[in-house]
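Here is a note for a colleague who is opening this structure for the first time. Please read the points with the sequence and the model side by side.

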Amino acid sequence: MGNGQVPVADAAAEDVPVSPAFEQLPPESPIAMPEQDFSARPPLIVPRRFNIDLWARRMLVVLLALIPTGMAAHEMRRSIGLDGISLLEGIYLALFIPLFAWIAFGCATAIIGFLLLTVGKGRSVTPRPLRASQPLQGKTAILLPVCNEDFLGVLGRLSIMERSLAQVMGRERFEFFILSDSNVQSGETERAAYLEMRDSFSRPVHYRRRALNIGRKPGNIAEWVERFGGGYDYMIVLDADSIVSGQTMARLASDMERHPQVGLIQTVPTVMGAATLFARWQQFASRLFGPISAAGMIWWAGSEGMFWGHNAIVRVKAFAQSCGLPELPGRAPFGGHIMSHDMLEAALLRRRGWDVHMVTADDSFEEFPPSMPDLFTRDRRWCQGNIQHVPLLVRIAGLHPVSRFQLLVGATAYCTSPMWLTLMLVVLGGGASGVWPPTDVLPSGGLLAVTAFLLFGPKLLAMLWALLDPARRIGFGGAARMTRGVIVDIILSILMAPVAMLTQTINLFGILMGRKSSWNGQTRDRDGMAIGSAIWLFKWHILLGALLLALAIQAGSGIGWIIPVTAGLFLAPVLAAVTARKDLGRRAEASGLFQVADPWWRTQSYRPLRFRWPNGEERRVGRLAANDE
């Protein structure tokens with residue numbers, strides 16, 4: 001397309017930002033991406049075969065979850081139903097049993113993942129090594145969508161990937177595309193930085209900023225597919241905070257070529273680049289606890305895997321044929337552009353018969369929100385997007401049963417928070433009104449022990465998995481530092497759980513009342529927050545803590561179990577303000593708290609590039625340490 005400016009079209013909607021478009025692109029190679037008809041079952045492009053082994057795996061996971069759930073239901077039925085079940089007791093059981101099943105299913109998945117990574121050595125969940133005798137034939141575009149990001153940070157991450165890709169065979173088969181939806185001010189900054197830095201790269205790095213931000217990220221990707229998709233076999237979709245090594249990119253492209261029935265391979269990214277105490281905590285948890293749950297999920301999902309919208313490779317032709325998303329009729333939250341497009345796109349690929357797989361990879365990374373409020377802001381968008389899937393479960397014809405299950409689980413995940421809150425209110429409300437002493441309806445000692453294992457067992461299994469591998473144990477700082485990190489993680493998780501419970505409940509009801517989420521650039525950098533602002537932000541949490549404590553005192557017994565919940569609610573402002581600080585993140589790093597192994601680029605000679613603004617200000621690009629400037 002050359003170096004031209006593109007005229008600005010009329011804005012079609014109030015919230016669509018308009019900015020002068022700018023492009024540095026190769027010649028177009030269009031491909032059709034028709035809007036999908038959800039009401040009609042589409043023809044299968046790839047024949048779908050029944051896999052009895054895969055279905056046996058799924059039945060095993062369900063069985064492992066149902067056994068403890070059935071025992072818990074029987075125990076609770078015996079303790080509160082000897083003289084019949086009242087309405088309030090029926091509500092209690094209707095809440096308790098599915099919530100127990102939810103955590104049992106997660107624990108069963110983690111147990112299987114632990115066995116796969118220890119006894120099975122993870123062979124079934126990691127990509128195969130790249131073979132030198134099999135040169136890549138297809139072309140791969142690496143898509144990097146951005147929207148009002150720190151663009152020099154984006155270029156720094158791109159430079160790390162580009163230099164890593166230069167070291168692998170077949171590197172000439174890859175090209176980068178930066179696809180911008182930024183506003184006018186950010187767009188001009190991007191243009192200047194791109195023109196300054198583009199000659200520093202050893203392979204093509206194209207750039208395009210749209211005049212109209214239509215359809216958010218899925219619209220951004222779809223516009224690229226329709227204009228350039230015909231010239232590429234695969235596309236690796238990243239986020240602005242993603243880093244994937246060149247070796248993994250080449251392995252993914254090789255796997256796509258060896259398996260023509262595969263439409264998408266999703267890597268399971270881990271967290272990197274943490275600076276605040278909160279982000280370092282989540283980085284530690286992601287690296288230590290995430291792999292066993294991911295391995296278990298990969299094992300039972302098989303060819304019906306999920307797509308998280310980034311750090312994945314997609315067959316362009318399959319995506320164009322299967323994933324043209326219509327705008328849904330009606331108002332938010334169920335109408336408008338589809339927000340959680342990635343999970344739905346995986347389901348639509350499987351609907352046409354394409355396999356969707358997930359793999360673990362030690363060199364696939366993403367960043368994490370720097371504070372609790374930033375995490376909850378992102379989570380609200382995910383909540384609206386996942387709730388949007390509920391009517392689609394019955395509207396879309398031809399979905400695979402596992403795809404329907406995954407979409408349902410994604411939506412109901414946000415229903416567990418109001419269920420937990422309702423369960424506590426039922427227990428305390430019944431006690432305060434004299435219907436029952438809370439101790440009569442709380443689980444027995446044995447059942448509490450089982451519940452504790454279901455909640456914390458996956459963390460202990462993850463510790464054991466890391467301890468059994470000397471290299472991994474050293475990466476976490478050794479057994480003592482890892483144990484200290486897990487203990488602090490458990491304490492912080494207990495305090496944060498009730499905060500997340502109420503936040504998700506408020507978000508869910510707000511969305512159902514029609515208050516839609518905005519979709520602006522994410523906050524990726526923060527250093528602390530004022531305690532006054534934190535108190536105002538979490539005012540409803542403090543009020544709920546006071547209400548629960550008052551109900552517990554009125555009930556007169558069983559107050560001990562509610563103390564961790566009320567403590568988390570009362571301390572929410574302090575927890576948010578303290579963990580958002582970078583200086584505490586640096587202290588944690590210096591003391592070895594939440595230690596993780598350095599990513600691969602720290603072990604290689606990736607010297608930072610230097611960028612100089614027109615005013616003479618200079619900045620290093622391509623360094624991602626928390627204490628780098």
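**Notes on the predicted model**

1. Gly475 is a residue of helix H16, which covers residues 470-475. The model is a predicted one, and in it Gly475 has a relative accessible area of 13%, which falls under the 20% limit for a buried residue, so Gly475 counts as buried. Although 122 residues separate Gly475 from Ala597 in sequence, the C-alpha atoms of the two are 4.2 Å apart in space.

2. Strand S3, residues 140-146, deserves attention next, since seven of its seven residues are buried, and the strand is therefore largely enclosed by the rest of the structure. In a regular strand the side chains alternate between the two faces of the sheet. Both faces of S3 are covered, with Thr140, Ile142, Leu144 and Val146 buried on one side, and Ala141, Leu143 and Pro145 buried on the other.

3. Which strands pair with S3? One is strand S4, residues 174-180, which runs parallel to S3 and is joined to it by seven bridges; within S4, Ile178 is the bridge partner of Leu144. Between S3 and S4 the chain passes through helix H3, residues 151-165, and this β-α-β crossover is right-handed. The other is strand S6, residues 234-237, which pairs with S3 over four bridges, again in the parallel sense, and in S6 it is Tyr234 that stands opposite Thr140.

4. Asn148, with phi of about 55°, lies in the loop between S3 and H3, and its relative accessibility of 28% makes it partly exposed. Asn311, with phi near 55°, is found in the loop between helix H7 (277-301) and strand S9 (312-315); this residue is buried, with a relative accessible area of 1%.

5. How far apart are the end C-alpha atoms of helix H19, residues 539-555? The distance is 25 Å, which agrees with the 24 Å that its 17 residues should span at 1.5 Å a residue. The buried residues of H19 are His541, Leu544, Gly545, Leu548, Leu551, Ala552 and Ala555. They cover an arc of only 130° around the axis, which puts them on the same side of H19. An α-helix has 3.6 residues a turn, so residues three or four places apart point the same way. On the other side of H19, by contrast, Leu543, Ile553 and Gln554 are exposed. Gly556 follows H19, and its phi is positive, near 85°.

6. The model has two cavities of 30 Å³ or more, and the largest cavity holds about 60 Å³ of space. Its lining is formed by Lys217, Pro218, Ile221, Val237, Phe307, Gly309, Phe319, His341 and Glu345. Helix H5 (216-228) and helix H9 (341-351) each contribute at least two residues to the lining of the largest cavity, and the largest share, three residues, comes from H5.

Note on methods:
Residues are numbered from 1 along each chain as its sequence is written. This is a predicted model: local features need pLDDT of at least 70, side-chain atom pairs count only at pLDDT 80 or more; totals for chains, interfaces and linings use all residues. Side-chain values use heavy atoms; hydrogens and water are left out. Buried means under 20% relative accessible area, exposed over 50%, partly exposed in between (1.4 Å probe, protein chains only). Two strands pair if DSSP finds at least two bridges between them. A crossover is right-handed if, with the strands pointing away from the viewer, the path from the first strand over the helix to the second runs clockwise. The expected span of a helix is 1.5 Å times one less than its number of residues. The arc is that of the directions from the helix axis to the C-beta atoms. On a 1 Å grid over the protein atoms alone, a cavity is a set of points where a 1.4 Å probe fits but cannot get out, and a pocket is an open set with protein on both sides within 12 Å along at least five of seven lines; lining residues have an atom within 4 Å of a point. Grid points are joined across faces, edges and corners, and a volume is the space filled by probe spheres set on the points.
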